[in-house]
Amino acid sequence: MLAFLLLCAIFACFGLILGYSSILFKVDADPLVDKIDALLPQTQCGQCNYPGCRPYAVAIAKGEVGINQCPPGGEDGVKALAELLGVEAIPLNAELGLEKPKSVALIDENKCIGCTLCIQACPVDAILGAPKFMHTVIVSECTGCELCLPPCPVDCIAMETITENTAFSISDSYLIAGEKGQNIQLQSF
Amino acid sequence: MRIEVAYAKPYEQALLSLELAEGATAEAAILASGILQRFPEIDLQKNAVGIFGKLCKLEQPLRAGDRVEIYRPLLADPKEARRIRAAKHSSVFNIKELLDSRL
């Protein structure tokens with residue numbers, strides 16, 4: 001009986017120590033990571049060798065990696081990061097890829113066989129489709145990361161550079177009423 | 001709950017965000033979104049619908065964050081496409097065989 005009570009007392013002590021230390025040593029989410037993440041292009045392309053923009057931001061904040069590992073962000077991105085962190089701007093690491101103009105994926109409807117492999121590869125859910133139904137890129141969601149290109153078994157996805165003349169860069173958004181009288185934004189390109 | 005309704009064509013897409021009562025169905029979301037007026041070619045009796053790439057029925061109750069998608073049929077026949085791909089590969093193989101036999 002005494003042993004049981006002693007054990008209870010010890011556990012209670014541990015509990016109190018843990019509870020107190022969780023308050024005492026509370027760590028807030030690093031605000032620097034948020035600031036770095038906000039400067040990254042959010043393509044989630046993985047060219048920096050991190051699984052996405054946020055993990056790369058965390059690595060920069062820790063000082064593990066240079067600020068020149070993001071090809072989609074380009075030289076401007078490096079400059080912005082250098083300014084934020086108060087370090088010297090360095091040239092982009094060309095081994096990871098080159099800075100390209102903003103482009104989006106476009107699916108060749110005559111070739112798509114509805115296999116869903118591109119949908120699984122897309123990091124931002126920008127492809128709409130289901131097994132054996134047409135797959136279509138939602139241009140407003142596409143970050144141009146090109147991760148959908150390698151898995152396509154029929155090579156039906158091509159990257160289209162966005163210019164002022166591109167048909168879908170002309171956005172015509174308008175409002176329609178939804179339930180509860182709320183406004184919904186309809187985006188079409 | 002907040003959900004989305006989406007329909008897409010290569011050069012024109014709609015991705016609508018709307019607020020619905022809990023337990024609303026996929027059909028209710030599509031009707032409430034007004035997407036049918038925007039794209040008159042959609043026929044809910046013919047076009048398949050789903051949530052994030054997975055086919056579902058119109059009566060499917062939704063959960064917060066779901067994206068109700070309306071699909072279009074394929075233009076290519078997957079079996080035919082496969083046959084063409086296979087034929088291409090075998091013709092390359094035949095040329096190789098031919099070259100080997102000549103050597």
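**Stop 1: two helices in chain A**

Select helix α2 (residues 31-39) and helix α4 (residues 74-85) of chain A: their axes come within 9 Å and cross at roughly 160°. Axes here are lines fitted to C-alpha atoms, for helices over the stretch in contact, and angles run from 0 to 180 degrees between N-to-C directions. Helices (H or I, at least four residues) and strands (E, at least two) are DSSP runs, numbered from the N terminus.

This is a predicted model: local features need pLDDT of at least 70, side-chain atom pairs count only at pLDDT 80 or more, and totals for chains, interfaces and linings use all residues. Residues are numbered from 1 along each chain as its sequence is written, chains are lettered from A and ligands numbered from 1 in the order in which they are written, and side-chain values use heavy atoms, with hydrogens and water left out.

Stay on the pair. How do α2(A) and α4(A) run relative to each other? They are roughly antiparallel (an angle over 145 degrees).

Now show side chains. From α2(A), pick L32(A), K35(A), I36(A) and L39(A); they meet A80(A), L81(A), L84(A) and L85(A) of α4(A). Contact means heavy atoms within 4.5 Å. The residues of this contact divide into 7 nonpolar, no polar and 1 charged. Ala, Val, Leu, Ile, Met, Phe, Trp, Tyr, Cys and Pro count as nonpolar, Asp, Glu, Lys and Arg as charged, and the others, Gly among them, as polar.

**Stop 2: chain B as a whole**

Switch to chain B. Its secondary structure comes to 3 helices and 5 strands. From the N terminus on, trace the order β-β-α-α-β-β-β-α. Of the 103 residues in chain B, 42% are buried (under 20% relative accessible area, 1.4 Å probe, protein chains only).

**Stop 3: S33(B)**

Select S33(B), in helix α1 (residues 26-33) of chain B. Is S33(B) buried or exposed? It is buried, with a relative accessible area of 0%.

**Stop 4: N47(B)**

Move to the loop between α2 (35-38) and β3 (49-51) of chain B, where N47(B) lies. N47(B) is buried, at 13% relative accessible area. Which backbone oxygen lies 2.8 Å from a polar atom of the N47(B) side chain? That of Y71(B). Finish by selecting what N47(B) touches: E41(B), I42(B), I70(B), Y71(B) and R72(B), not counting residues up to four places away in sequence.

Methods: Angles under 35 degrees count as roughly parallel, over 145 as roughly antiparallel, 65 to 115 as roughly perpendicular and the rest as oblique. Buried means under 20% relative accessible area, exposed over 50%, partly exposed in between (1.4 Å probe, protein chains only). A polar contact is a pair of N or O atoms within 3.5 Å; within protein, one must be able to donate a hydrogen and the other to accept it, and residues adjacent in sequence count only if both atoms are side-chain atoms.
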